[in-house]
Amino acid sequence: MSGPASELIVLGSCGAWPEPGRACAGFLLVHNGFRLVLDLGYGTASRLFAHCHDRLPDAVVVTHEHPDHCADLSALGRAWHYTVQDATPPGKDRPRLPLHCTPGTLRRLEAMEPRPHPASLFAVHDLGLATEAGPFRLTPFLLPHHQPNFGVRLEAPGLTVAYTGDTGPSPILTELARDADLFICEATLQTPPPAGEPRFLMTAGEAGHWAAKAGARRLLLTHFWPGSDREVSAAQAAAEFDGEILVADEGLTIAL
Ligand SMILES: [Zn+2]
């Protein structure tokens, strides 16, 4: 009946598009009963609902507006509208689900389904501003990517979880993940692009490098390019990072 007080459930582990049977970026972080969603890319909503039988999550954080991180927000908005909001007694304010995201994410959500308007479903917070999310202190870190992408550091007493979203190599990662209990780090590539090209994604070896620099306790590799051999990625990260390395897999549950 009673599981650990804190856990992270992987909803999706692919970058770009979902491999057969998998999904794109998404995690459910549960801490003392508070359910925080981190990204909700293609194919993640049904997996989220499988872990939220009794109610929907308490807050959502979306790192950036690419659809492999936000497409299934639309499905969550519909579920919220037709269950939680429609169950509200007449005359009472219809509750909105806290959503921390970039302005571009909201525009994409609105383009997909303008009615009901996302602002009537979600209580929208600017992800660029540090804030509280349930038991967590949320600190954003702007990281190099094609679109504005904020890595998020989530701190509660006794627990720190850091998540990159998508990023190229950056010394900011050492601040994002400093001494984190769990560092969820994108590891899209296995071979770096040619020297001189701008960097908006990382190799698994680079994920290990920055996890070591930050002094993270555990490293969760994710956002694998579809078709990648993930054992190769894990070995590349292990060459750079001495701590425990986990490989994201749909349904993987990590006790924190
Ligand atoms: Zn992505």
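Helices and strands here are DSSP runs, numbered from the N terminus. The model is predicted.

**Exercise 1. Describe the site of the zinc ion: which residues are its protein donors, and what is its geometry?**

Step 1. Name the donors. They are Asp-68 (OD), His-69 (NE2), Asp-166 (OD) and His-223 (NE2). They lie 2.1 to 2.2 Å from the zinc ion.

Step 2. Read their spacing in sequence. The pattern is D-H-x96-D-x56-H.

Step 3. Pick out one pair. Asp-68 is in helix H2 (residues 67-70). His-223 is in the loop between strand S12 (218-222) and helix H8 (230-238). The two are 155 residues apart, and the pair links distant parts of the chain. Both Asp-68 and His-223 are buried.

Step 4. Judge the angles. Four donors count as tetrahedral if all angles lie between 85 and 135 degrees. Ideal tetrahedral angles are 109.5 degrees. At this site, the 4 donor atoms make angles of 89 to 164°. The site is irregular.

**Exercise 2. Work out the strand order of the open sheet of 7 strands, and find which strands are its edge strands.**

Step 1. Write the order: S7-S8-S9-S10-S11-S12-S13. The pairing is mixed.

Step 2. Find the edges. Strand S7 (131-133) and strand S13 (244-247) each pair on one side only.

Step 3. On average it is 25°, with direction ignored.

Step 4. Look at one pairing. S7 and strand S8 (residues 136-143) run in the antiparallel sense, with 3 bridges. Glu-132 has Arg-137 in S8 as its bridge partner.

**Exercise 3. Explain what the aromatic pairs tie together.**

Step 1. Count them. The structure holds 2 aromatic pairs.

Step 2. Take Trp-17 and Trp-225. Their centres are 5.4 Å apart, with 85° between the planes. This pair is edge-to-face.

Step 3. Locate both rings. Trp-17 is in the loop between strand S1 (6-12) and strand S2 (26-31), and Trp-225 is in the loop between S12 and H8, so the pair ties together parts 208 residues apart in sequence. Trp-17 is partly exposed at 44% relative accessible area. Trp-225 is partly exposed at 39%.

Step 4. Take Phe-27 and Tyr-163. They are edge-to-face, at 5.3 Å centre to centre and 70° between the planes. Phe-27 lies in strand S2 and Tyr-163 in strand S10 (residues 159-163), so this pair ties together parts 136 residues apart in sequence. Both Phe-27 and Tyr-163 are buried.

**Exercise 4. Describe the surroundings of Val-60.**

Step 1. Check the accessibility. Val-60 has 0% relative accessibility, so Val-60 counts as buried.

Step 2. Name contacts beyond four places in sequence. Among them are Leu-36, Val-37, Leu-73 and Pro-98.

Technical notes: Residues numbered from 1 in each chain as written. Predicted model: local features only at pLDDT ≥ 70, side-chain atom pairs only at ≥ 80, totals over all residues. Heavy atoms only, no water. Donors = N, O, S within 2.8 Å, 3.2 Å for Na, K, Ca; no water. Tetrahedral: all angles 85-135°; square planar, octahedral: opposite > 155°, others 65-115°. Helix = DSSP H or I, 4+ residues; strand = E, 2+ residues; numbered from the N terminus. Buried < 20%, exposed > 50% of the residue type's maximum accessible area, 1.4 Å probe, protein only. Pairing = 2+ DSSP bridges. Axes fitted to C-alpha atoms, helices over the stretch in contact; angles between N-to-C directions. Contact = heavy atoms within 4.5 Å. Phe/Tyr/Trp six-rings, centres within 6.5 Å; stacked < 30°, edge-to-face > 60°.
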